[in-house]
Amino acid sequence: MKRTASSKPAACGASSCCCPDRMLGAPAGRGEGTGPKTEEDEAVSEPHDSDGRETATEDVARLWERVATMFSWLEGQLDRTLTRRHGVGLAPLMTLGVLVCEHPGSVTVGDVARRLSVSASAASRILAQLESSGWATRVAWPCDRRISRMAATEAGRRLWTRAGRTLDRELDFSFRTLRFDERYAHVVARLCRAEDDRPGHARHHEPP
């Protein structure tokens, strides 16, 4: 979908921190709880039996535990905010985003499931909710009438524009807040560094 989700360390704009496939950046530091060790650390700890490997494993386990907890909390916060302000939850909005992204084309249930990494039954259920709310509509597909395709309606596109802005603002606020929470500051820094370390990534600096 077009709505961006990115990350930056010092001014980590929320619109970039939430991509799951960008979680494996270089560790922010080498103290306890700062994530997996680097190759240099592994090389140094190699002669000391398995102590180095065990420490690295514990670091990875702690990091993943914090990542899972943080994203679970964030998902709940966003879902409640979007429902209260726009009458649509996070999952339906993300599904609507897939449809809007393909406009004026259409997508299948399988397309949505793959894009959002959910089961086909979950994607079908959410699409049915969008259709009943008037935000999505079924589209005839002459090539194969057995395949059900969906497209965003005009009302759905307007909703995506309004709710998408709220989502961007809430993500930005949440990640800026989490940077100062001792439980999650390291995780946010790790996500942001992963984004900035991508080859060809253009760094954007906020004005002073």
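Start by selecting H3 and H4: their axes come within 10 Å and cross at roughly 115 degrees. Here the axes are lines fitted to C-alpha atoms, for helices over the stretch in contact, with angles running from 0 to 180 degrees between N-to-C directions. Helices (H or I, at least four residues) and strands (E, at least two) are DSSP runs, numbered from the N terminus. The crossing of H3 and H4 is right-handed; a crossing is left-handed if the near helix is turned anticlockwise from the far one by less than a right angle, and right-handed if clockwise.

Before moving on, note that this is a predicted model, in which local features need pLDDT of at least 70, side-chain atom pairs count only at pLDDT 80 or more, and totals for chains, interfaces and linings use all residues. Residues are numbered from 1 along each chain as its sequence is written, and side-chain values use heavy atoms, with hydrogens and water left out.

**Stop 1: the H3–H4 contact**

Show the side chains of Met 94, Thr 95, Val 98, Cys 101 and Glu 102 in H3; they meet Val 112, Arg 115 and Leu 116 in H4. A contact means heavy atoms within 4.5 Å. By class, this contact of H3 with H4 has 5 nonpolar, 1 polar and 2 charged residues. Ala, Val, Leu, Ile, Met, Phe, Trp, Tyr, Cys and Pro count as nonpolar, Asp, Glu, Lys and Arg as charged, and the others, Gly among them, as polar.

**Stop 2: along H3**

Now colour H3 by accessibility. Of its 13 residues, 10 are buried, so H3 is largely enclosed by the rest of the structure. Buried means under 20% relative accessible area, exposed over 50%, and partly exposed in between (1.4 Å probe, protein chains only). The buried residues of H3 include Leu 90, Pro 92, Leu 93 and Met 94. From first C-alpha to last, H3 reaches 19 Å, close to the 18 Å expected at 1.5 Å a residue; the expected span is 1.5 Å times one less than the number of residues.

Centre on Thr 95, which sits in H3. Thr 95 counts as buried because its relative accessibility is 0%. Leaving aside residues up to four places away in sequence, Thr 95 touches Val 112, Leu 116, Ile 126, Leu 127 and Leu 130.

From Leu 93, draw a distance to Gly 164: the two are 71 residues apart in sequence and 8.1 Å apart in space, C-alpha to C-alpha. Gly 164 lies in helix H6 (residues 154–178), and at 0% relative accessibility it counts as buried.

**Stop 3: the loops around H4**

Follow the chain out of H3 to Pro 104, in the loop between H3 and strand S1 (107–108). The peptide bond from His 103 to Pro 104 is cis, with omega near 10 degrees. Then pick Ser 117, in the loop between H4 and H5. Its phi is near 55 degrees, a positive value in a residue other than glycine. Ser 117 is exposed, with a relative accessible area of 68%. As background for both picks, most residues other than glycine have a negative phi, and most peptide bonds are trans.

**Stop 4**

Select residues 120–132. At 1.5 Å a residue, the 13 residues of H5 should span 18 Å, and its end C-alpha atoms are 18 Å apart, which agrees. Which residues of H5 are buried? They are Ala 122, Ala 123, Ile 126, Leu 127 and Leu 130. These cover an arc of only 130 degrees around the axis, which puts them on the same side of H5; the arc is that of the directions from the helix axis to the C-beta atoms. Turn to the other side of H5 and you will find Arg 125 and Ser 132 exposed.

Display the surroundings too: the buried residues of H5 pack against H3 (90–102), H4 (109–116), strand S2 (136–139) and strand S3 (149–152). Just after H5, Gly 134 takes a positive phi of about 85 degrees.

**Stop 5: Ser 148**

Ser 148 counts as partly exposed, at 30% relative accessibility. With residues up to four places away in sequence not counted, Ser 148 touches Val 107, Thr 108, Val 109 and Arg 138. The C-alpha atoms of Ser 148 and Val 109 are separated by 7.4 Å, although they are 39 residues apart along the chain.

**Last stop: the whole chain**

Zoom out. The protein has 7 helices and 3 strands, in the pattern α-α-α-β-α-α-β-β-α-α along the sequence. Buried residues make up 40% of its 208 residues.
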